[in-house]
Amino acid sequence: MKKLVTKLVLVMFSTLPFVIYSAENSDYNMPVGVTEVSQSIFGLHMLIFWVCVVIGVIVFGIMFWSMWKYRKSKGAVAADFDDNFWLEIGWTVAATAVLIWMAVPSTQVMVQAYDDAEGEINILVTGHQWKWHYEYMEDEVSFFSNLSTSQEQIDNKIPKGEFYLLEVDEPLVIPINTRVRFLITGNDVIHSWWVPDFAVKQDAVPGFINTAWTNVPETGIYRGACTELCGIKHAFMPVVVRAVEMEEYDAFIAEKMVLAEAERMLTSKEWTKEELMERGESFYMTNCVACHQANGKGIPPVFPALEGSEVVLSDSAKQIEILMDGIQGSAMQAFGDSYSEVDIAAVITYTRQAWSNGKNGDGAIVTPKDIVDYKNKIDL
Amino acid sequence: MSTVVETHDHDGHHGPAKGLTRWLFTTNHKDIGTLYLWFSCLMLFIGGGMAMVIRAELFQPGLQIVQPEFFNQMTTNHGLIMVFGVIMPAFVGLANWMIPMQIGAPDMALPRLNNLSFWLLPMAFGILLSTLFMPEGGPNFGWTFYAPLSTTYAPSTVNFFIFSVHVMGVSSILGSINIITTIFNMRAPGMALMKMPLFVWSWLITAYLLIAVMPVLAGVVTMMLMDINFGTSFFNAAGGGDPVLFQHVFWFFGHPEVYIMILPAFGIVSHIIETFSRKPIFGYSSMVYAMASIAILSFVVWAHHMFTVGMPLAGELFFMYSTMLIAIPTGVKVFNWVATMFRGSLTFETPMLFSIGFVTLFTIGGFSGLMLAIVPADFQYHDTYFVVAHFHYVLVPGALFGIMAGVYYWLPKWTGNMYDETLGKLHFWLTFISVNVTFFPMHFVGLAGMPRRYPDYALQFADFNAMISVGAFMFGITQLLFLFIVIKTIRSGKQAKPEVWEGAGDLGLEWTLSSPPPYHSFTVQPQVK
Amino acid sequence: MEIKKTVKNLLGIALGMFAFGFVLVPIYDVFCEITGLNGKVTGPSFLSEESQAITEQRELLVQFMTHNNESMPWEFDSERSQMRVLTGNQYEAMFVFHNKTSKPMVGQVIPSVSPGRGAEYFHKTECFCFEQQLLAAGERIELPVRFIVDPALPKEIGSLSLGYTLFDITDRIEITKDLAKL
């Protein structure tokens with residue numbers, strides 16, 4: 001019996017390094033990440049963890065041994081002492097020494113992470129309820145990055161994909177081996193932009209600019225999240241960053257510029273109702289569905305219904321105004337500056353046709369030209 | 001309504017009034033203590049029910065049971081209720097029961113104020129809970145209610161929330177004034193400050209913390225109220241205010257608040273460990289100094305809750321160092337408890353089991369706290385489930401275990417009946433196991449990258465979330481057993497001796513009173529050697 | 001009586017702490033100004049004499065970010081998004097404000113400098129952010145920021161980012177007016 005126990009203990013200890021290695025590198029530990037900073041942070045994390053384990057083993061070891069050794073059922077008689085000056089001084093000093101020893105590497109990593117040198121590429125990251133907006137400062141290219149997981153997956157109507165809630169329609173693209181500086185701010189409430197593999201987490205505070213930086217050595221897709229409670233869709237605004245070779249990055253920027261030009265061209269095109277409906281539906285499902293819901297019934301009284309709304313049924317001018325300028329003091333934001341005339345026209349057309357609105361209202365078709373006219377009219 | 005019959009016995013005591021009026025108008029410290037404890041128990045089940053909703057939704061990825069809007073209301077109210085409605089009132093209840101008995105006083109110094117400070121609480125929570133039934137729903141901005149989500153973007157019910165926080169604040173402040181006044185003015189002759197029981201000491205320090213920070217909380221919600229309704233801009237960048245200022249002021253309250261929720265548990269656990277080790281507490285004076293230094297340090301660490309908000313390097317380092325300092329007095333307390341058990345004569349009744357559970361699991365929460373203090377590492381931990389794991393480890397097996405240990409320890413004194421030891425031990429083991437099944441995996445999902453306050457999550461977190469939910473349901477159901485044990489003990493049980501626990505007679509004045517104690521604790525002041 | 005005295009003192013502490021909560025607001029502003037926290041800059045500032053004595057100049061990148069707060073329909077843009085400047089020299093950057101709505105509105109720009117500790121080295125001699133902007137319906141104006149980057153700027157700071165967030169304060173002005181009437 002005793003031999004068996006000894007063997008068991010031996011087996012346990014011999015597998016320990018393996019267990020520790022696999023635990024350290026498992027999906028359930030902090031990601032090591034790909035950048036120098038994230039790797040230093042990981043090292044720091046493991047160091048503090050082991051310090052805690054060692055202290056824990058010593059303290060709990062003594063405690064459990066005392067509980068076993070001095071149990072009354074075995075006839076233990078209590079000693080009568082209630083202090084020991086040198087012992088108390090000793091452990092206070094020891095605890096202080098351990099803390100100072102830990103503070104040194106922590107401070108070093110801290111200084112490493114705080115680096116205000118100039119970035120080769122500067123990207124303005126803006127948190128919106130509930131999507132991220134990226135703007136490349138050098139090239140004046142900008143776009144929104146929305147969750148691309150479908151509402152059906154969230155509602156369990158269809159099976160969930162591999163990157164459920166971790167996928168977006170347009171990821172941020174950055175080149176590798178380049179110092180990228182992020183300027184982070186918020187549009188409405190506080191958000192927080194986090195990419196674990198870069199160890200970058202910064203709050204996006206409206207009215208203020210925070211900075212962070214990274215230098216990614218490996219190509220790949222890195223996924224992160226919003227980590228500051230920002231309202232009902234807090235869990236549905238992931239961060240996805242695609243790190244690519246410099247050539248691919250340049251091509252991406254060039255393509256974005258061409259696309260922006262094409263978007264401007266689209267405005268002058270003649271649109272059919274079907275084309276607008278199709279474009280409007282996809283826009284609605286990305287940008288409006290969170291509040292006004294897929295069935296257009298909203299969540300009254302906070303988010304009003306669009307189905308059967310007077311404005312949507314019969315007042316297209318008013319609807320254009322609301323879409324363009326937002327409604328003060330409500331969650332309805334101004335879309336005019338952020339989206340193209342085509343998108344605005346399409347989504348208005350869509351809401352006027354969808355659900356029961358097409359049959360109960362005037363079903364007016366709003367074209368991109370109407371939106372341009374609206375802009376020009378007040379330009380005076 | 002029943003009429004109040006005053007029966008005077010020959011000692012000149014009068015017993016409690018009968019019926020509802022006894023509880024409405026009572027000025028007796030024991031009655032008020034009982035009210036606080038039952039209120040806290042009720043809130044525990046309401047706040048716990050909310051936790052069950054949260055865990056049910058998180059059992060699997062996808063939205064099944066509730067929508068994100070309601071989910072946010074659940075997380076917010078769960079936090080608010082557990083902090084302000086469960087842990088704090090339970091400690092005040094224990095203070096009401098035990099402080100007069102431990103210092104040899106007949107009652108609290110300000111009995112009518114005592115009644116008022118209790119009855120404000122049901123009012124405050126009635127208002128808070130009623131918002132959940134309003135069309136716009138209750139507060140949904142997290143228990144930390146960061147502006148501008150809680151101001152410009154809040155549902156209009158936020159005004160009820162603010163009022164409710166004001167009322168809670170008044171209640172806590174009045175309660176604390178009463179406790180400090182009692183401790184300073186009503187101690188038995190001979191009981192010098194450094195002879196006071198540690199529970200009394202822990203409450204004296206806690207009460208000072210409450211008086212210092214509850215008004216700051218009242219101030220911050222008043223600023224919110226003005227921003228929302230009167231067009232000021234304390235937290236609105238448009239008018240020259242600053243949303244980050246909100247976080248600074250809130251955490252200036254919030255961090256001492258964290259210690260308010262743990263210091264009394266330190267006191268309770270110290271008594272229990274010395275009782276069941278049959279050996280006086282090791283390092284009494286260092287215990288007192290440790291609590292006092294924790295309390296003082298708690299005022300200079302607040303910004304460690306906001307390391308990612310964008311502070312200058314020097315600020316981050318200052319708050320990192322000051323936070324690490326707190327590990328020293330906390331460590332000293334743990335060492336003292338272990339040294340008390342060392343060479344004692346230990347038995348393991350339910351209160352002792354809960355106290356040992358407290359020491360081990362609270363220390364684990366302390367370790368994760370130390371990890372969170374390290375700023376660069378905190379960039380990865382911040383606002384993930386790692387933080388959720390950390391504060392649940394210090395609040396559930398910390399504060400809540402402390403309260404349960406205290407209830408088991410003093411229940412025979414209060415009721416005159418022994419609780420059922422077998423059921424008590426069963427309750428402990430079920431609780432201990434389910435607490436760990438619930439909260440330990442949260443460390444892993446947090447490190448793996450799951451942010452907190454998420455109603456839905458990516459697939460790689462699914463397995464552990466299912467496990468956490470199962471643990472949580474088990475923990476929730478187990479607490480019904482606790483309720484059953486307490487009711488059973490009140491109704492019947494083996495007659496308890498005055499000293500209740502072997503050798504406890506020498507440990508404190510409360511054990512010299514009969515079990516149950518007389519309606520007015522000490523009518524003749526005892527003499528303390 | 002002893003008890004009364006204790007209660008009075010404690011009530012005093014509680015009231016004092018309530019007031020202290022509000023005092024934290026100005027304390028915080030002072031604290032921000034000293035440490036550069038949040039990069040708050042409230043008024044014009046100029047080069048100190050010591051800084052003027054520094055003759056060594058260096059080049060750095062200054063970036064401008066304009067941003068409309070939610071539901072602010074104005075057009076608000078900087079003429080260029082970044083420029084390279086020499087420390088110690090004065091520069092001018094132009095910004096466009098355009099009230100595209102059909103009603104008069106009041107806007108307020110809130111500046112923020114990043115990194116925060118760079119704020120004290122970024123001297124604005126003139127800025128539209130020092131006052132509120134009232135624009136009639138359809139009005140379009142251009143306003144400058146004139147600035148000097150202090151030669152004493154620490155070497156580690158390689159670039160300065162100026163964030164300007166435009167808020168619609170038309171309603172706030174009206175609320176204040178309403179309150180004033182009371």
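**Exercise 1.** How many residues of chain C are in contact with chain B, and how many residues of chain B do they meet?

*Solution.* A word of care to begin with: this is a predicted model.

Step 1. Count both sides: 32 residues of chain C are in contact with 30 residues of chain B.

Step 2. Find the elements on the side of chain C. Those giving two or more residues are helix H1 (2-35), strand E5 (105-114), strand E9 (159-168) and helix H3 (170-181) of chain C. H1(C) gives the most, with 17 residues.

Step 3. Sort that side by residue type: there are 19 nonpolar, 10 polar and 3 charged residues.

**Exercise 2.** Describe the contact between chain A and chain B, looking at the side of chain A.

*Solution.* Step 1. The contact takes 75 residues from chain A and 78 residues from chain B.

Step 1. On chain A, helix H2 (36-69), helix H3 (85-113) and strand E7 (200-204) each supply at least two residues. The largest share of this side of chain A, 13 residues, comes from H2(A).

Step 2. By type, the side of chain A that touches chain B divides into 46 nonpolar, 16 polar and 13 charged residues.

**Exercise 3.** Is Phe379(B) buried or exposed, and which residues does Phe379(B) touch?

*Solution.* Step 1. Locate the residue: Phe379(B) lies in helix H12 (residues 375-381) of chain B.

Step 1. Apply the cut-off. A residue is buried if 20 or more other C-beta atoms lie within 10 Å of its own. Phe379(B) has 25 other C-beta atoms within 10 Å, so Phe379(B) is buried.

Step 2. List the partners. Leaving out residues up to four places away in sequence, Phe379(B) touches Ile41(A), Ala199(A), Lys201(A), Phe307(B) and Thr308(B).

Step 3. Compare sequence and space: Phe379(B) and Met306(B) are 73 residues apart in sequence, while their C-alpha atoms are 9.9 Å apart.

**Exercise 4.** How do H14(B) and H15(B) pack?

*Solution.* Step 1. Know what to look for: two packed helices are described by the angle between their axes and the distance between the axes.

Step 1. Read off the two values. Helix H14 (residues 421-448) and helix H15 (residues 462-491) of chain B pack at an angle of about 155°, with their axes 8 Å apart. Because of that angle, H14(B) is roughly antiparallel to H15(B).

Step 2. Sort the residues of the contact of H14(B) with H15(B): 18 are nonpolar, 8 are polar and none is charged.

**Exercise 5.** Where in the chain do Trp130(A), Pro148(B), Gln293(A) and Arg278(B) lie?

*Solution.* Step 1. Recall the background: most residues other than glycine have a negative phi, and most peptide bonds are trans.

Step 1. Take the cis bonds. The peptide bond from Gln129(A) to Trp130(A) is cis, and Trp130(A) is in the loop between strand E1 (121-128) and strand E2 (131-136) of chain A. The bond from Ala147(B) to Pro148(B) is also cis, with omega near 0°; Pro148(B) lies in the loop between helix H4 (111-130) and helix H5 (158-185) of chain B.

Step 2. Take the positive phi values. Phi of Gln293(A) is near 70°, and Gln293(A) lies in the loop between helix H7 (289-292) and helix H8 (310-314) of chain A. Phi of Arg278(B) is near 55°, and Arg278(B) lies in the loop between helix H8 (263-277) and helix H9 (284-297) of chain B.

Step 3. Gln293(A) has 17 C-beta neighbours inside 10 Å and so counts as partly exposed. Arg278(B) has 22 and so counts as buried.

Note on methods
Residues numbered from 1 in each chain as written. Chains lettered and ligands numbered in written order. Predicted model: local features only at pLDDT ≥ 70, side-chain atom pairs only at ≥ 80, totals over all residues. Helix = DSSP H or I, 4+ residues; strand = E, 2+ residues; numbered from the N terminus. Buried ≥ 20, exposed ≤ 12 C-beta atoms within 10 Å, placed from the backbone. Contact = placed C-beta atoms within 7 Å. Nonpolar A, V, L, I, M, F, W, Y, C, P; charged D, E, K, R; others polar. Axes fitted to C-alpha atoms, helices over the stretch in contact; angles between N-to-C directions. Parallel < 35°, antiparallel > 145°, perpendicular 65-115°, else oblique.
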